[in-house]
Amino acid sequence: MVANRGEIAIRVFRACTELGIRTVAIYSEQDTGQMHRQKADEAYLIGKGLPPVQAYLHIPDIIRVAKENEVDAVHPGYGFLSERSDFAQACNEAGVRFIGPSPEVVHKMGDKVEARTIAIAAGVPVVPGTDSPISSLNEAHEFSNKYGFPIIFKAAYGGGGRGMRVVRSYEELEENYTRAFSEALAAFGNGALFVEKFIEKPRHIEVQILGDKYGNVVHLYERDCSIQRRHQKVVEIAPAAHLDSQLRTKLTNDAVRLAKQVGYENAGTVEFLVDKHGKHYFIEVNSRLQVEHTVTEEITDVDLVHAQIHIAEGKSLAELGLRQDSVRINGCAIQCRVTTEDPSRGFQPDTGRIEVFRSGEGMGIRLDSASAFQGAVISPHYDSLLVKVIAHGKDHPTAASKMSRALAEFRIRGVKTNIPFLQNVLSNDQFLRGTVDTQFIDENPDLFNLRPGQNRAQKLLHYLGHVMVNGPTTPIPVNARSSPIDPVVPTVPLGDPPPGFRDILLREGPQGFAKAVRQHRGLLLMDTTFRDAHQSLLATRVRTHDLKKISPFVAHNFNNLFSIENWGGKSRTGPFPSREHQPWEGVTPQGASPHSSPCPTLQVPPLTLPCDSCTSAHGGGCRNCVNSSPTSPSRCCCGGANAVGYTNYPDNSVFKFCEVAKENGMDIFRVFDSLNYLPNMLLGMEAAGQAGGVVEAAISYTGDVADPTRTKYTLEYYVQLAEELVKAGTHILCIKDMAGLLKPRASELLVGALRQHFPEMPIHIHTHDTSGAGVASMLACTAAGADIVDVAVDAMSGMTSQPSMGALVACTRGTNQDTGIQMEKVFDYSEYWEMARGLYAAFDCTATMKSGNADVYENEIPGGQYTNLHFQAHSMGLGNKFKEVKKAYVEANKLLGDLIKVTPSSKIVGDLAQFMVQNNLSRQEVEAMADELSFPLSVVEFLQGYIGIPYGGFPEPFRSKVLKDLPRIEGRPGASLPALDFQQLEKELRTRHQEEDITPEDVLSAAMYPKVFDEFKEFTANFGPVECLNTRLFLEGPKIAEEFEVELERGKTLHIKALALGDLNRAGQREVFFELNGQLRSILVKDTQAMKEMHFHPKALKDVKGQIGAPMPGKVIDIKVEEGATVDKGQPLCVLSAMKMETVVNSPVTGTVKKIYVKPDMNLEGDDLILEIQ
């Protein structure tokens, strides 16, 4: 019988099976699913009703099982009762042979103080320490006064790092004494401690011995166990590298002499410290088999468990063929302990269910494990050891190479492991040179620069399971399902696409590019299909997955486009909580192309919208597309001092944004301001120009220059503003007609006037086709002298989108404005998008809006906002009130002084309009009650001056009545903002997201949208590369029994089949079953609806500074504060115990304890709320 659990029990069972001995396992109530009980011939429950560890320490129950089942011998393994003399004695008294030393020797060697006395008597050097276990803290004080610090507490009746604490000052003495005593008591049933002088930076060398009952003792050479953390061994090596032969002889001779001094029988280990001068000191004897016995077996070819059993049978070492001169060292062996611990969080134990387990194997690799299998549940009750990996080679470098290869082959999902840390150890130069000591981990912080595993397949299964259990990750506005048919990409010729305008830009620079545009014969088109078109028609739901597929076709067949709009400004529509990919990876010229604004994620501004066009996590994929012979320049919107955000940013943020955007492939910056506020625009122009981009200054259009009754935004206003922009150095002049208000007659007047004033300046027109007159207006602009107009491919045009590409191409064919684009290619391009729109049926504006509407000339609602307001009204059951909303928009605009309406100013008008509808208020009532009403925050901040000063000033007395005594900003809002410290922000992001690979793009994303960026990082950490999924799977998940393929990258394809959806369990989860590459996989997914109806312990919110969460799963041992108490930063709050290791939770802040959520003996999960500090 093995009085133990886990891998050591299985190790002994295997040896017994080889020797023809039947085996018996014991197990606690918590271990019913453990593998060791299945490996034995018989298995029996012990310690019923006892805590997990106490069950294996319950001697009477273990002896009862042994006697009832006629057990002949008991192997104690290591830990638990292995060094308890009373257990050895109980076995003898029960007539059961104890496989180990006699009870007397176990007592002598197990008592570290008595072992020390024996060592002194045998002439073995020892470290200064107490002669007996100390009985109080005062004795520890006395010892430290005599020998000085540092000192070390050690458990008198056990090892393995339990009950071991280093103390370096008087201030640390009491806390470490208490913790060491508590750990020793919990692990070994006796909290006795002794104290030693702590030797700095020694090597930890131990000698394996075997003794028989006839007084014979041999050594099996040494092991180097210096690589430790918290005094627990992590990596063990045999033999010790670069150990002086004379020192080796001294160590082995002293070990044998000490064993003979006490009549040692069976296997044991004599442990030494070797200081930097080569002096060695005895520290203890482990009178049992060691965890690391495996490396000795590998280099000596001696089966230590076989030897233990034979010695217990009464055989002599000679009968076993074990003579000292016959024991030889053969090569080198290394053991790595793979544990379920998270190195990035101080090696905190992790618990949970192993979803995937694939081990590293092959020549020279041995695995000893117990809980390492798919479906195993790792509990917080026992040691965190998962599997021991042993590599054997001809020398140290060879063994290290084999170990590195084996660790790289492991795939463990569901729980964190220390494998990334072990891989760093194996590649460390100091380790490879074999010059490590016990401070190796502490002195090599680079070991914690962990390269996280990709875990792509399992994360994708989690995403699919989440959608299958909880439905789409975005609320569906209408009940329509995605088309089951993927769009077909037209044939793309081989080779590079033909050159286009981007080649001119790269060759001639911005000035030469602008000159070439102006000299070009024929009308130039900018395609908005990749951004503004789907923003307007499909609420920005289109994923880069679908954009990327059609991009090569566009590059080959539309090389004469002026540009492609593939990154947006300020699109924030719809509540899409998922975050697919970093937006910067969609910033590229469209050679293979690239992205739009908000990719598959909504409710997120484009800067932080994860673009899913590539497979790399931080920018390899899409950025590499720049090398795919892009033809047309890429264009983005830049809201002046707002960049691509909704507010003003520090000036250095705007400059940095343009710089990094240009580095990522952006060519043309359409700089605008939602109020046409010139100081904001000038800042954006300077930033774009300084970055090396083409500056396209855009005047936002509203009103009607052809209507003499509209006296605010007149033709003279636009011409004068254009003069300022040209004077400031714009390369291209743009009219940005966001609501589609530019009628044909107004087009002739405005463009004609601009052409007359600026004959050498390229003129670019952007409009929306909400009224249906977009094509007519663009033709009028063309006739009046415009060089470029914006269009969308036919299937993505019209209504609130841009005018039809096909219509403009057809209408100008054979004229001086001929675009040179082939109609057949437009048809092919349009057919792809007609099919692609079917994937987004639930978000298509045609679900609720069947046509455009000329009433836009009255309400002046921008195209994208028109779609969104229409959707919102219908989703809230207010579709019949949309007319009322539009009327309120007109009145709200008048209240605010007749604004230019572009995001964010359009949002401000819209917020006020909805406020008026919800509260049933007229404009007159709002004006009269302005000093009493609680207005939307966006309205208040606008009136304060947060986005700039509107043309004609703020409306009075409305502004004063709303603001009362609130502060007001005079001048350009960003001018008074302090510069952003990018280095500090990068440091904070690395800490917050526990990630070293924070890029400049990440920093800028977080600077402009901190909350959204955090959500993006959390999403990608949980769900991985969802950009690889097709759109139907992404939105709706797979059907049961559906089979599909997911290409992670070239040459790596997953074959997935959805199998079944399980019932709800007590934890509010459902098990979802898949077949992945022919293997069964299952994951547990929280049912969010069910969770609302079940009670669970609250979790600590990461973004709430005063909420203190459990750093790991475990049991509450002690609470050190009370509600209402004042605590300092770093002060202990409570003590948790997990896997027999205690952890003190310290306060991260100074404050007052508001509420405590836990009690002693309460079991916690990771991040469970412990207390709140105010």
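Student: Buried means under 20% relative accessible area, exposed over 50% and partly exposed in between, with a 1.4 Å probe and protein chains only; which of these does Lys736 count as?

Tutor: Lys736 counts as buried, at 3% relative accessibility. Before going on: this is a predicted model, where local features need pLDDT of at least 70 and side-chain atom pairs count only at pLDDT 80 or more, while totals for chains, interfaces and linings use all residues. Residues are numbered from 1 along each chain as its sequence is written, and side-chain values use heavy atoms, with hydrogens and water left out.

Student: Where is the place of Lys736?

Tutor: Lys736 is in strand 27, residues 732–736. Helices (H or I, at least four residues) and strands (E, at least two) are DSSP runs, numbered from the N terminus.

Student: What is Lys736 in contact with, leaving aside neighbours within four places in sequence?

Tutor: Contact means heavy atoms within 4.5 Å. By that rule Lys736 touches Cys637, Phe672, Ala698, Ile699, Ser700, Tyr701, His766 and Val902.

Student: Which residues does the UniProt "binding site" annotation cover?

Tutor: The unreviewed UniProt entry lists Asp532, Lys736, His766 and His768. UniProt positions are given in the numbering used here, feature names are shortened, and annotations may be inferred rather than shown by experiment.

Student: Why do they gather at one spot?

Tutor: They span 237 residues in sequence, but no two of their C-alpha atoms are more than 12.3 Å apart, so they gather at one spot. From this set, His768 belongs to the lining of the second largest cavity. A cavity is a set of points, on a 1 Å grid over the protein atoms alone, where a 1.4 Å probe fits but cannot get out; lining residues have an atom within 4 Å of a point.

Student: And Asp532, buried or exposed?

Tutor: Asp532 is buried, at 2% relative accessible area. Asp532 sits in helix 18, residues 532–538. Beyond its neighbours within four places in sequence, Asp532 is in contact with Glu565, His766, His768 and Gln802.

Student: New topic: how many aromatic pairs does the count come to?

Tutor: The count is 31 aromatic pairs. Rings of Phe, Tyr and Trp (its six-membered ring) pair if their centres lie within 6.5 Å; planes under 30 degrees apart are stacked, over 60 edge-to-face, and the rest tilted. Phe421 and Phe448 have ring centres 5.1 Å apart and planes at 45°, so that pair is tilted.

Student: Where do Phe421 and Phe448 lie in the chain?

Tutor: Phe421 is in helix 14 (residues 419–427), and Phe448 is 27 residues apart from it, in the loop between helix 15 (429–433) and helix 16 (456–470). Phe421 is buried at 0% relative accessible area, whereas Phe448 is partly exposed at 32%.

Student: What about Phe513 and Phe562?

Tutor: Phe513 and Phe562 form a tilted pair, 5.8 Å centre to centre with 35° between the planes. Phe513 is in helix 17 (residues 501–519) and Phe562 in the loop between helix 19 (544–557) and strand 23 (563–567), so the pair ties together parts 49 residues apart in sequence. Phe513 is buried, at 0%, and Phe562 is buried, at 0% too.

Student: Which residues do ring pairs link into a cluster?

Tutor: Tyr701, Tyr713, Tyr717, Tyr718 and Tyr951.

Student: Last one: how many helices and strands does the protein chain come to?

Tutor: The chain has 39 helices and 41 strands. Of its 1174 residues, 61% count as buried.

Definitions and conventions. 1 Å grid on protein atoms, 1.4 Å probe; cavity = no way out; pocket = protein on both sides within 12 Å on 5 of 7 lines; lining within 4 Å.
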